[in-house]
Amino acid sequence: MSGLFTAAFLRRIGWDVDVFERSPVELVGRGAGITTHPELLEALENSGAGTRDLGIEVPKRITIDHQGRVIGERPLRQILTSWDRLQRLLRATIDPAHYHLGHTFEHVEQSREGVRAHFAEGRVECADLLLGGDGIRSGVRAQVAPEVQPIYSGYYIWRGAPNEADLAPQTLASIFPYFVFFLPERQQVIGYPISGFNNDLRPGHRRYNFIWYRVGDAQALKHMCVDETGHQHEHSVPPPLIRKDLIAQMRADAEIIMPQVFVDCLRRIEQPFFTPIYDFCAPRITFGRVALVGDAASTARPHMGFGVAKAGGDAQALADALDTHDDVDAALDAYNAVRQPIGERIMLHARKLGAHLGVDLRTDEDRGMWKLLQDHEAMMDWIAVPNFLAAYR
Ligand SMILES: Cc1cc2nc3c(=O)[nH]c(=O)nc-3n(C[C@H](O)[C@H](O)[C@H](O)COP(=O)(O)OP(=O)(O)OC[C@H]3O[C@@H](n4cnc5c(N)ncnc54)[C@H](O)[C@@H]3O)c2cc1C
């Protein structure tokens, strides 16, 4: 997302940009749901990608109890989209001649005037700037700031997106149209509708994005990262390799913990997968002629659903800085001064929201936040709500 956003914004101010993606094939079919925010819609419009057929608008959020009864509600119109839809809108802004699949960044050499980027496949590219939009495990960041490492939060998410057509009538009527919370102790279950395969927005063809936060320390995570073949992975396990016994245990727990409507969702997910939650913020996001954007610069826990909005904001700020400074180095300093503190603020805000899960509550503020977020009304007011950054301005 950040690579495509950056290319789109820089092209708008007259730069020639090439995007190098390590995947050898187009990145399609990633099912994950994405909460949108006004900042994301603005970045999509300003980048030229637009917001056509972006997603599904929910009219409100509700919280349900173990019996599936509604115990709280908030009117809040919000558009829920998918990773796929955003990728396609942004991908369409780039001339295919400037989008290069199958190129894995390996290392960069830099001088005062520019960079030489080396790719594992053998290509070498010279440019004025190298922008690392290569995600939380950024290879670009590993070279320019190897000491900056993502930190495990102490919790992870089980995820999946069942087809609308497979869900029971009661699930469709009671939770499908809404942004829904179910909040057992030290857990969060969140659901919302997203488009179906190929951005199908027609009723009957959509999906329901399911997310279940659970606590697990580093040792438990290490055990979860042993795959079906016995291989130990470092950070997470590719979905098809997740151990069957883990999935069976998770399904058994859900039968006890969850209301019937969420059990129904989970039963209809063929291949649930887990994502450990990490965060970090680099103290600097420019290094000579190298700049970091999106998750490579800072990654927040996903409680605000703001990562793609942040990627768009980074890209726009970088283009604004380059457009308003004659000197590239001064522009990069300006970009760092504007966006590094925002990335840090977002990361810290997400940690506050994570206090709901009760992990590592060190300060009075952490404990106060934990107490506040035990109330489902507060959760509906804080989690993934628009305009949270305004409170810090
Ligand atoms: C559980 C979960 C839920 C989320 N929910 C939301 C949400 O609701 N709303 C929201 O806005 N955000 C959400 N996010 C965050 C969002 O997914 C990220 O912030 C966003 O994808 C970051 O985009 P990015 O382009 O910076 O990084 P990535 O999406 O990680 O993209 C990095 C790209 O770089 C490529 N790459 C990596 N290494 C190399 C290399 N060496 N050479 C070449 N290419 C390379 C990768 O293949 C990939 O295409 C969520 C995240 C998680 C984990």
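This is a predicted model: local features need pLDDT of at least 70, side-chain atom pairs count only at pLDDT 80 or more; totals for chains, interfaces and linings use all residues.
Student: What is the strand order in the open sheet of nine strands?
Tutor: The order is 2-4-3-11-12-13-10-14-17, with mixed pairing. Strands are DSSP runs of E, at least two residues, numbered from the N terminus, and two strands pair if DSSP finds at least two bridges between them.

Student: Which strands stand at the edges?
Tutor: Strand 2 (33–35) and strand 17 (298–299); each has a single partner strand, so one side of each is left without a neighbour in the sheet.

Student: How many bridges join strand 12 and strand 13?
Tutor: Seven, in the antiparallel sense, between residues 188–194 and 207–215. Ile 190 stands opposite Ile 211 in strand 13.

Student: New topic. How many aromatic pairs are there?
Tutor: Eleven. Rings of Phe, Tyr and Trp (its six-membered ring) pair if their centres lie within 6.5 Å; planes under 30 degrees apart count as stacked, over 60 as edge-to-face and the rest as tilted. Trp 158 and Phe 274 are edge-to-face, at 5.5 Å centre to centre and 70 degrees between the planes.

Student: Where in the chain are Trp 158 and Phe 274?
Tutor: Trp 158 is in strand 10 and Phe 274 in strand 14, 116 residues apart. Tyr 156 forms one aromatic cluster with them.

Notes: Residues are numbered from 1 along each chain as its sequence is written. Side-chain values use heavy atoms; hydrogens and water are left out. Helices (H or I, at least four residues) and strands (E, at least two) are DSSP runs, numbered from the N terminus.
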